[in-house]
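These are my notebook entries on one protein. I record here what I looked up, beginning with the whole chain and ending with single residues.

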Amino acid sequence: MSRKQIVVVGGGTGGTMTANRLRRRFDSDEAEIHVVDRDDRHVYQPGLLFVPFGLAHVNEIVRPRRRQLRRGVVFHQNEVEEVWTQRDEVLLDDGSVLSYDVLVVASGVRLQPEETEGMTAAGWNERVFTFYNPDGAEALHGALERFDGGRLVVNLVDMPIKCPVAPLEFAFLADWYLRERGIRNRTELVYATPLDGAFTKPITSQHLAGLLAEKEVELVTEFNAGEVDGVGGTLTSYDGRVLDFDLLVTVPLHGGAPYVERSPGLGDALGFVPTDKRTLQTPVKPNVFALGDATDLPTSKAGSVTHFEAEVLTENIARYLADEELDAGYDGHANCFIETGFHKALLIDFNYDTEPLPGHFPTVFGLPLLRESRLNHLGKLAFQWVYWHALLPGREIPGIGPTMPTAGKKQTAVHI
Ligand SMILES: Cc1cc2nc3c(=O)[nH]c(=O)nc-3n(C[C@H](O)[C@H](O)[C@H](O)COP(=O)(O)OP(=O)(O)OC[C@H]3O[C@@H](n4cnc5c(N)ncnc54)[C@H](O)[C@@H]3O)c2cc1C
């Protein structure tokens, strides 16, 4: 085969894993691999949850992107302006053009706090915060340290968001943190969500609603946030309900990367990339693949999902280049630790067709599923090491892959 050009847009979780897996798969005379990202700061995003509580510092969860890429992967620190799929070209912000034989879209999501009226007006980063980026998480840390009681409202504006359990984890950790500081009895904690329950999956939702109640966090459902007054301290829904707050922790609207909208045929109305749910090929052209948060797939926007997808996607790029039939092996497998405070966490594991079930993961001897445990909390903490040293470099993790394991699961319906 002649030397192929593979361009990966985005050097985050999915882009880095994919480039490294491809580098391991192809010799340098078979493929030249390019990764484009606008900056050189790779953030371990699950760590952002811990920053507001002083349990992690931003400098511990950020590393240079270049250093996560295997030797022989070419890194371009540029903004992608547009993709011309008809010409197989990517336009960068310095006017240069990269031609490709295969394109991988791994550009994640963009946070859009400005899309909610008033959110980024007066009060932003003073009384209204997000922990979904490093600056916000750090600013919120300062605000929580100064917080001396009152009403703390946690709100997710609308789905889809990355890591749909992260705002719940924030509420659980806030309960723990406020108790540790001895000010929980003078704080009202509220969790406001547009969903009709605590979470999207019914069984898990019931379980998490139970935990919120246990921790005396008020659950407000079907709350579609329309307007924020960061000075007056009010969050108003489209149907006119008002939540007062002293501190608002928001997960703002998410959309796809702006260049996706500018690239003919690549994205949908929200800027997400329509993608085949099993092969990860896109309908725009057979040589364009996508993974991670950038896709429109009906599974969680999560690092675990991105990891499982990267395995199938790498295989399919090799098959595409060899003119072979693609592997339709991705089943929507997702896996998520849910930190619940007091050094415990829950673990859920599911796919497109199966709700999170109780039992153990990945086998009967593994971590408990749908049950709070200290072991899961340790698993969540250990994950950071696994991320930098095994997942990003593209190493295989025995027993954990794109197909959801069933060995340790109890297949019967559960009653909580
Ligand atoms: C607070 C928080 C907690 C989380 N916790 C967990 C967890 O516990 N478990 C879990 O599995 N997942 C978790 N996640 C989700 C996980 O981090 C993401 O799903 C994952 O990083 C997605 O990978 P990605 O490659 O699709 O996107 P990203 O890793 O976000 O990478 C996208 C990259 O594209 C680049 N980019 C975008 N547009 C352009 C452009 N035009 N030009 C150049 N570069 C561009 C960006 O700079 C970025 O580096 C969490 C996320 C957050 C925010």
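I take contact to mean heavy atoms within 4.5 Å. With that rule I looked up contacts between residues at least 6 apart in sequence, and 68% of them join residues at least 24 apart.

Entry on sources. I note that this is a predicted model, in which local features need pLDDT of at least 70, side-chain atom pairs count only at pLDDT 80 or more, and totals for chains, interfaces and linings use all residues. Residues are numbered from 1 along each chain as its sequence is written, and side-chain values use heavy atoms, with hydrogens and water left out.

Entry on the whole protein. I found eight helices and 24 strands; these are DSSP runs numbered from the N terminus, helices being H or I with at least four residues and strands E with at least two. The radius of gyration, taken over C-alpha atoms, is compared with a globule rule of 2.2 Å times the number of residues to the power 0.38. For 416 residues the rule gives 22 Å and the protein has 21 Å, so it is as compact as a globular protein of that length. I also noted that the C-alpha trace spans about 70 × 50 × 40 Å along its principal axes.

Entry on burial. I call a residue buried under 20% relative accessible area, exposed over 50%, and partly exposed in between (1.4 Å probe, protein chains only). Buried residues make up 57% of the 416 residues.

Entry on strand β21. Why is strand β21 described as largely enclosed by the rest of the structure? I found that eight of the eight residues of β21 (residues 334-341) are buried, so the strand is largely enclosed. Two strands pair if DSSP finds at least two bridges between them; β21 and β22 (residues 344-350) pair in the antiparallel sense over seven bridges. I traced one of these from Phe-337 to its bridge partner in β22, Leu-347. Two residues lie between the strands of this hairpin, where Phe-342 takes a positive phi near 55°.

Entry on Gln-68. I located Gln-68 in the loop between β4 (62-64) and β5 (73-77). Is Gln-68 buried or exposed? Its relative accessible area is 12%, so Gln-68 is buried. Not counting residues up to four places away in sequence, Gln-68 touches several residues, including Thr-16, His-42 and Trp-388.

Entry on Thr-236. I found Thr-236 in strand β16 (residues 234-237). Thr-236 is partly exposed, with a relative accessible area of 21%. Thr-236 and Asn-224 are twelve residues apart in sequence and 8.3 Å apart in space, C-alpha to C-alpha.
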